[in-house]
Amino acid sequence: MKEVIWKCYKNTNYLISNTGEVYSKKTNKILVQQVNMHGYNQLTLYLDGNKVNCRVHRLVAEVFIGESELQVNHIDGDKTNNNLDNLEYVTAAQNQQHAVASKLVPIGSLRPFAKLTEEDVCYIKLLMLDGLNDQEISEKVNTVVATISKIRHGKRWNHVMPDVVLPDRSRGTCSNSRGK
């Protein structure tokens with residue numbers, strides 16, 4: 001069984017444990033946490049006379065790892081597992097990559113309002129490789145030119161055929177978005 005370690009939070013009356021619990025020295029109780037609308041454990045602390053909503057994973061990271069401007073990542077993907085050994089500081093990009101790799105965030109056709117499938121995007125990318133311009137592809141697959149352009153420039157659907165290098169421009173592509 002893991003040893004529970006308690007540390008004081010920023011010279012306050014609150015103790016934070018390495019297992020994600022918060023204790024009030026004032027009330028002599030472990031505080032009740034609630035899951036917020038984003039799925040994180042949260043509670044209200046009184047800091048310098050003000051009520052402050054605090055996410056528990058952030059408290060644990062700050063007390064045991066140190067303060068940082070970086071984001072706190074839950075290594076196992078469970079937003080309610082606030083054990084110290086499950087938390088790490090990462091950049092926003094790393095946090096997003098972890099969420100996608102862990103299938104915590106839907107991508108592609110799994111997104112709620114996706115209008116294309118992975119098969120559609122394969123077809124679109126093949127048409128790009130064949131030299132068709134965004135307008136021609138748009139008409140063939142019945143979607144807007146902006147979507148085709150975002151696929152071409154790697155802003156959408158990067159997980160489909162990720163190793164294929166798409167031409168930046170194709171025949172018939174003009175120098176600006178108005179065709180001039």
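Trainee: Which residues does Val22 touch, not counting residues up to four places away in sequence?

Mentor: Bear in mind that this is a predicted model. With residues up to four places away in sequence left out, Val22 touches Trp6, Tyr14, Leu15, Ile16, Lys29, Ile30, Leu31, Gln33, Leu43, Leu45 and Leu59.

Trainee: And what is the largest nonpolar core made of?

Mentor: The largest nonpolar core has 17 residues, and those with the most contacts inside it are Tyr9, Ile16, Val22, Leu45 and Leu59. At least two residues of this core come from each of strand 2 (14-17), strand 6 (41-47), helix 1 (56-64) and strand 9 (87-90). Helix 1 gives the most to this core, with six residues. As a general point, nonpolar side chains in soluble globular proteins tend to be buried together.

Trainee: Is helix 1 mostly covered or mostly open, then?

Mentor: Helix 1 is mostly covered, since eight of its nine residues are buried. The buried ones are Val56, His57, Leu59, Val60, Ala61, Glu62, Val63 and Phe64. Just after helix 1 comes Gly66, which takes a positive phi of about 125°.

Trainee: Changing topic, how do helix 3 and helix 4 cross?

Mentor: The axes of helix 3 (residues 118-129) and helix 4 (residues 134-141) come within 10 Å and cross at roughly 145°, and the crossing is right-handed. On the helix 3 side, Tyr123, Ile124, Leu127 and Met128 meet Ile137, Lys140 and Val141 of helix 4. Sorted by class, this contact has six nonpolar residues, one charged residue and no polar ones.

Trainee: What about helix 4 and helix 5, at what angle do they pack?

Mentor: Helix 4 and helix 5 (residues 145-152) pack at an angle of about 115°, their axes being 8 Å apart, and this crossing is right-handed. Here Asp134, Gln135, Ile137, Ser138 and Val141 in helix 4 meet Val145, Ile148, Ser149 and Arg152 in helix 5. The residues of this contact divide into four nonpolar, three polar and two charged.

Trainee: Why does Ser138 count as buried?

Mentor: Ser138, which lies in helix 4, counts as buried because its relative accessibility is 8%, and the cut-off for buried is under 20%. Leaving out residues up to four places away in sequence, Ser138 touches Thr143, Val144, Val145 and Ile148.

Trainee: Back in helix 3, is Leu126 buried or partly exposed?

Mentor: Leu126, whose place is in helix 3, counts as partly exposed because its relative accessibility is 45%. Leu126 and Met161 are 35 residues apart in sequence, while their C-alpha atoms are 9.8 Å apart in space.

Trainee: Last topic: how confident is the predictor, and where does pLDDT stay under 50?

Mentor: The protein averages a pLDDT of 90, and 93% of the residues score at least 70. Over residues 175-180, however, pLDDT stays under 50, and for this stretch the model has four contacts beyond four places in sequence.

Definitions and conventions: Residues numbered from 1 in each chain as written. Predicted model: local features only at pLDDT ≥ 70, side-chain atom pairs only at ≥ 80, totals over all residues. Heavy atoms only, no water. Core = buried A, V, L, I, M, F, W, Y, C linked by side-chain atoms within 4.5 Å. Buried < 20%, exposed > 50% of the residue type's maximum accessible area, 1.4 Å probe, protein only. Helix = DSSP H or I, 4+ residues; strand = E, 2+ residues; numbered from the N terminus. Contact = heavy atoms within 4.5 Å. Axes fitted to C-alpha atoms, helices over the stretch in contact; angles between N-to-C directions. Left-handed = near helix turned anticlockwise from the far one by under 90°. Nonpolar A, V, L, I, M, F, W, Y, C, P; charged D, E, K, R; others polar. pLDDT = per-residue confidence, 0-100.
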